[in-house]
Amino acid sequence: MEHHSYILEYISRIDSGGIIVSEELKLMLSKLQKEISDENYKAERNILVDLNASEKRIRFIESQCRHYEAPFAGQPFRLELFQKAFIEAIFAIKIFDTEKQKYLRKYQEILFLVGRKNGKTPLIAAICLAEWFCGPMGLKVLCASNSYDQAALMHDAINNMREQSPTLERVTRKNVRGIYFGNPRQKSKRGKFSMQNKGEIKKLSARTGAKEGKNLGVGAVDEVFEMKDNSLVMPIRQALSTQEEPLYFELTTEGFTNDGYLDQRLTDARKVLNGDVCDDNSERWLIWLYTQDSEREVWDDENSWVKSNPGLDIIKSRSFLRNMVSEARVNKETRAYVLAKDFNIKQSSAQAWLGVDELDKLKGKFFDIDVIRGSVGIGGADLSESGDLTSARMLFVNPVTRDKYFVQKYFLPASKKDENPKYEEWIKQGHLILCEGNEVDHGDVAAWFFDFCRANRCRLYRVGYDKWQAKGFVSQMEKEYSFDLEKIIQGDQLSNAMTLFENDLTEGKIYINENPIDIFCLKNVAAVWNTKGTRRQPVKVGNDYMKKIDGAVTCLICYETLDRYRSEYMEIQKQRFLKS
């Protein structure tokens, strides 16, 4: 019996406007449409369509698999049209293999990119389980990811579906090593669903040793966006080489890893979709990308969200996504995460941290030294011996208005004076102190803190410093001047400080007396996210040596130090403020 084509139905719904997808997915679907319905195309390329094969897997999933997590726990796994079309593309289309002299499954590698919380892991888990039962005897399935916990998510999904089906549970077993056919209580039973079948389902992480030497039929690698290289995937792909009809899945959202494995895969995939590459390998690659056609439509057209979220309103809550988009409009951390994970818009490249509108908030923000005289501050130092500027800074907070007042000084070796034509001007203005020779004397930096505090009857509750080349500075600050220091390691430890600084800047709470070196440094900062998109750190825009960011770093060091001691510091400041 010939079955209905879900691919053609999917395309028809797209053409009529009932379903919205991106141009990238349309390219893949256009190719599949020819392979399903164009008889001349099929004959020319020796393509055979066997809808019975895909229907068998679809029927297995819908009859035997159940959801295992709220809000759908316990309910049958009813596949949506986009999921059925995806399964049909994998299993229904066959091509004649001249070596084997028979028709074999055409698409053996699958790249599945979709926004988070659209059911990608349960879907691929269900397909793996279906193929384990419906495919050949002795089939070995491997669930892999960059971490053991992530690999376990898919493996656990498969096992949970297995356990919820009395039929499947009766003929299988599980132990700490994996999932296997055969029930120990039925040792005498023989056949595909007995212990005679040596098929198995296991899990593997990038950190696990002994990746080589496996003989797999199905490999599924989850969240490939975290991978920096192909060290995990290549052994798995090689392990599939002995099979006539292997299946290799890569499923993921977009991520934050610069020049990582996914970047290269997507570059290659888009070349294939656009017809720039056409060879035997690319012909066997099913590229199923749920992406936006532009970032602009994310903000302007809610209806476009379904392009990267095909499960919207069914699997994924529209109201939740709407709230996330609203938050992303005003919060940079949320924006980067939402664009990458919900809309598959890459956010890994370092981009300018602060925009023109934000930096304009610093204009006209002057304060008189009397505002901070006699109060308690937080210090920050970014030290260098040569090359970069050395920046020293003090932050004073008004405990009532929460206004932040910065006092700063920069230091530079005399040998570096000619590197920037602005240095001479900044020296004349008193913002920059020139140190003799090729190095900044950290004693001069420590002395500046002490002299300013003595002259203005100020006290520093803590002085944050970067550990780089700080040994002499620490000794002098602590032993000679009796300051309490706090080590602040540059990197994503400054992520929260970046957010706090942004918020205060937006609200007009920051006063720097329009220090030109501060503004110069702030303009040169880019924000780079970690691989999970949860934390960021300041780096130089374009990694350009001449783009100094030391002043911005000391702002963040002060903020991070303040955040660590906020309660104690604010209480002291409040008491002094009330007395004055």
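R536 is buried, with a relative accessible area of 1%. This comes from a predicted model, and every value below is computed from it. R536 forms a salt bridge with E333, and the closest N and O atoms lie 3.7 Å apart. The pair links distant parts of the chain. R536 sits in strand β21, while E333 sits in helix α14, residues 332-341. The two residues are 203 residues apart.

Three strands form an open sheet in the order β12-β20-β21, with antiparallel pairing. β12 (351-352) and β21 (536-540) stand at the edges. Each has a single partner strand, so one side of each is left without a neighbour in the sheet. β12 pairs with strand β20, residues 525-529, in the antiparallel sense over two bridges. Within that pairing, Q351 stands opposite A527 in β20. A helix also packs on this sheet: α19, residues 495-506. Helix α19 touches β20 and β21. Its direction makes about 80 degrees with that of β21.

Back to charge pairs. Side chains of opposite charge can pair when their charged atoms come close. The structure holds 42 salt bridges. R462 and D484 make one of them, with the closest N and O atoms 3.8 Å apart. This pair, too, links distant parts of the chain. R462 lies in strand β17, residues 459-465. D484 lies in the loop between α18 (471-480) and β18 (485-487). They are 22 residues apart. R462 has a relative accessible area of 18%, under the 20% cut-off, so R462 counts as buried. D484 is partly exposed, at 43%.

What about a pair within one helix? E560 forms a salt bridge with R564, the closest N and O atoms being 3.0 Å apart. Both belong to helix α21, residues 550-564. They are four residues apart there, which means that about one helical turn separates them. E560 is buried, with a relative accessible area of 10%. R564 is partly exposed, at 31%. Salt bridges can also join into a network. K31, E35, K106 and E283 are linked in this way.

Next, another set of strands. Strand β5, residues 140-145, and strand β8, residues 200-205, run parallel. Six bridges join them. A144 stands opposite L204 in β8. Strand β8 also pairs with strand β7, residues 179-181. The β7-β8 pairing is antiparallel and runs over two bridges. Here Y180 has E200 in β8 as its bridge partner. So strand β8 takes part in a parallel pairing with β5 and in an antiparallel pairing with β7.

Now turn to covered helical residues. Helix α5, residues 81-91, is mostly covered: eleven of its eleven residues are buried. Which residues does S54 contact, leaving aside its neighbours within four places in sequence? They are I87, E88, F91 and A92. S54 itself is found in helix α4, residues 51-64. S54 is buried, with a relative accessible area of 2%.

Is G364 buried or exposed? G364 is exposed, with a relative accessible area of 53%. It is found in the loop between α15 (356-359) and β13 (376-382). The C-alpha atoms of G364 and I512 are separated by 9.4 Å. Along the chain, these two residues are 148 residues apart.

A last stop is a nonpolar surface patch. V400, F577 and L578 make this patch of about 320 Å². F577 lies in helix α22, residues 566-579. At 40% relative accessibility, F577 counts as partly exposed.

Conventions: Residues are numbered from 1 along each chain as its sequence is written. This is a predicted model: local features need pLDDT of at least 70, side-chain atom pairs count only at pLDDT 80 or more; totals for chains, interfaces and linings use all residues. Side-chain values use heavy atoms; hydrogens and water are left out. Patches are made of residues with over 30% relative accessible area and no salt bridge: like charges are joined within 9 Å, nonpolar side chains (Val, Leu, Ile, Met, Phe, Trp, Tyr) within 5 Å. Accessible areas come from the Shrake-Rupley method with a 1.4 Å probe; for residues, only the protein chains shown count as cover. A salt bridge is a side-chain nitrogen of Lys or Arg within 4 Å of a carboxyl oxygen of Asp or Glu. Buried means under 20% relative accessible area, exposed over 50%, partly exposed in between (1.4 Å probe, protein chains only). Contact means heavy atoms within 4.5 Å. Axes are lines fitted to C-alpha atoms, for helices over the stretch in contact, and angles run from 0 to 180 degrees between N-to-C directions.
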